[in-house]
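This report describes how the chains of one assembly are arranged and how they meet. Please look at the sequence and the structure first.

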There are 4 protein chains.
Amino acid sequence: MPDLPPPIPFRFESATPLRWVDVDSEGVVNNAVYLSLFEQARYEYFARLAALRAGNIAFVLAEAKTTFCRPGRLGMAVVTRARVRRLGRSSLEMDFESVGDGEILVRGSAILVWVDQDLRPMPIDATARRRIAAFEGIPEGSSE
Amino acid sequence: MPDLPPPIPFRFESATPLRWVDVDSEGVVNNAVYLSLFEQARYEYFARLAALRAGNIAFVLAEAKTTFCRPGRLGMAVVTRARVRRLGRSSLEMDFESVGDGEILVRGSAILVWVDQDLRPMPIDATARRRIAAFEGIPEGSSE
Amino acid sequence: MPDLPPPIPFRFESATPLRWVDVDSEGVVNNAVYLSLFEQARYEYFARLAALRAGNIAFVLAEAKTTFCRPGRLGMAVVTRARVRRLGRSSLEMDFESVGDGEILVRGSAILVWVDQDLRPMPIDATARRRIAAFEGIPEGSSE
Amino acid sequence: MPDLPPPIPFRFESATPLRWVDVDSEGVVNNAVYLSLFEQARYEYFARLAALRAGNIAFVLAEAKTTFCRPGRLGMAVVTRARVRRLGRSSLEMDFESVGDGEILVRGSAILVWVDQDLRPMPIDATARRRIAAFEGIPEGSSE
């Protein structure tokens, strides 16, 4: 049986503590909360790489997928990992993981599009692209 | 070129009005809000079919996919459509659409698992299954 | 014993339906949700009176008080009433009530300050002031 | 002019970091978020004092007041302070402060009522009462 390639490691992790209000009437962290944790990790990721524009995220979300692995519970210490897996011309793909007390609660992925102030797609800023590629060790991709 | 089959229509629609707070610092409805609109439509769907358990949803979310088509804006009249596309033994698949002022803002799908009080998967309740199948005009699927 | 003056009636009411996610792990509508319902009613109030600025609320919240009268429950039809009780030079006072199935769930009041784009207090816009006073039947107050 | 008594210090502080989604379309932390930060600090306060019941807060909110001092901004390190100021028979009064980068953003107070599983008021649990009084250095108040 052939060996599986090792999973791509996450190089970025952000503390994303839960709030009491995150737990819904089923007694578990509500599903929509995780999109906000991913978003928070995303913001901190681009802030860390100095890839924000005017202090905010210059991307909009085109697609998001989330797989719920285990119920999140109040009191868990939760961190969220983020990485850029692929850089395109005006879009990129990210992966996310929220981990509670050392176990994966939720996995996610997203396609993000770099937009101008009017939310129209435009090529990813060259400096942002270079910094992301260098941080992740992935190709810079097309920027023409 | 062969004709595409007609898309499966949604037989259920719920008014899911926006709130001022749903709009984030990018000036559009925040992505996580849509998961809450889908959830609200899901709750009303199962309530309509008398397929709740003790007044609440007996399903947990296993997977969710969302495609963001257009930015949602304050002042839009938003409705969310829901349907069950496939019934399995202990899980089912649903589709969602949130529509603002007549245009699709977001499409989504989800896999939901019927669980007991301790969140362990169990076969979908037979009555709920029968009602869902009848409402959607789909096979009841396996219930053994 | 002297008669109490009749309570000032609300002249504005907005449908503010609940969402499934509003119910927290105690099984009741979470307290913070009501501030968002008040905010929603406030937005619609100023929209109705054509007293928005560039499509948004030109006020910031200085103070908010909330009295929780009854637990809000999923399935209740909830409306929120709003009125301006007093117009000042750059601030005004509002009252709110969220009502579920005909019973008051929460009462609130707020002090709001009209601000410029940098969030600095400035006199309430004269047209907005006039419209509010006319709608509520209260004095226009000082505008110098 | 007589000296004012020194303000009562807070003996409890909890990190309550912001999320990107907390910032609303006015570019500041939305008012309702602070009620959730207070709630989170309250939960951690009672957890620290081992004064939860079955792992959750045994109090419901009867009243809340909030004064907004400065706009909260993304990137601020926010902590929330909590204290019990007065212990009554079945209710208590708390104060809160959310502080961002060392400056007070919001002050709040709340009246909380100890309730049974059906949300009916009952005397505060004797052990919880004793622990709170000891922690705050305040009278235990009436428990008959």
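Two residues count as being in contact if their C-beta atoms, placed from the backbone, lie within 7 Å. Helices (H or I, at least four residues) and strands (E, at least two) are DSSP runs, numbered from the N terminus. Axes are lines fitted to C-alpha atoms, for helices over the stretch in contact, and angles run from 0 to 180 degrees between N-to-C directions.

The model is predicted: local features need pLDDT of at least 70, side-chain atom pairs count only at pLDDT 80 or more, and totals for chains, interfaces and linings use all residues. Residues are numbered from 1 along each chain as its sequence is written, while chains are lettered from A and ligands numbered from 1 in the order in which they are written.

**Sheet of chains C and D**

An open sheet of ten strands has the order β1(C)-β3(C)-β4(C)-β5(C)-β2(C)-β2(D)-β5(D)-β4(D)-β3(D)-β1(D), with antiparallel pairing. Strands pair if DSSP finds at least two bridges between them. β1 (12–15) of chain C and β1 (12–15) of chain D stand at the edges with a single partner strand each, so one side of each has no neighbour in the sheet. From one strand to the next, the twist averages 25°.

Helix α1 (residues 31–48) of chain D lies across β2 (59–68) of chain C and across β1, β2 (59–68), β3, β4 (91–100) and β5 (103–114) of chain D. Its angle to β3(D) is about 65°.

| Strand pair | Bridges | One bridge partner pair |
|---|---|---|
| β1(D) and β3 (residues 78–87) of chain D | four | D:Ala15 and D:Val79 |
| β2 (residues 59–68) of chain A and β2(B) | five | A:Glu63 and B:Thr67 |

**Contact between chains A and B**

In chain B, 16 residues are in contact with 16 residues of chain A. α1 (31–48) and β2 (59–68) of chain B each supply at least two residues of this side. The largest share, eight residues, comes from β2(B). By type, the side of chain B that touches chain A has eight nonpolar, six polar and two charged residues. Here Ala, Val, Leu, Ile, Met, Phe, Trp, Tyr, Cys and Pro count as nonpolar, Asp, Glu, Lys and Arg as charged, and the others, Gly among them, as polar.

**Relation of chains A and D**
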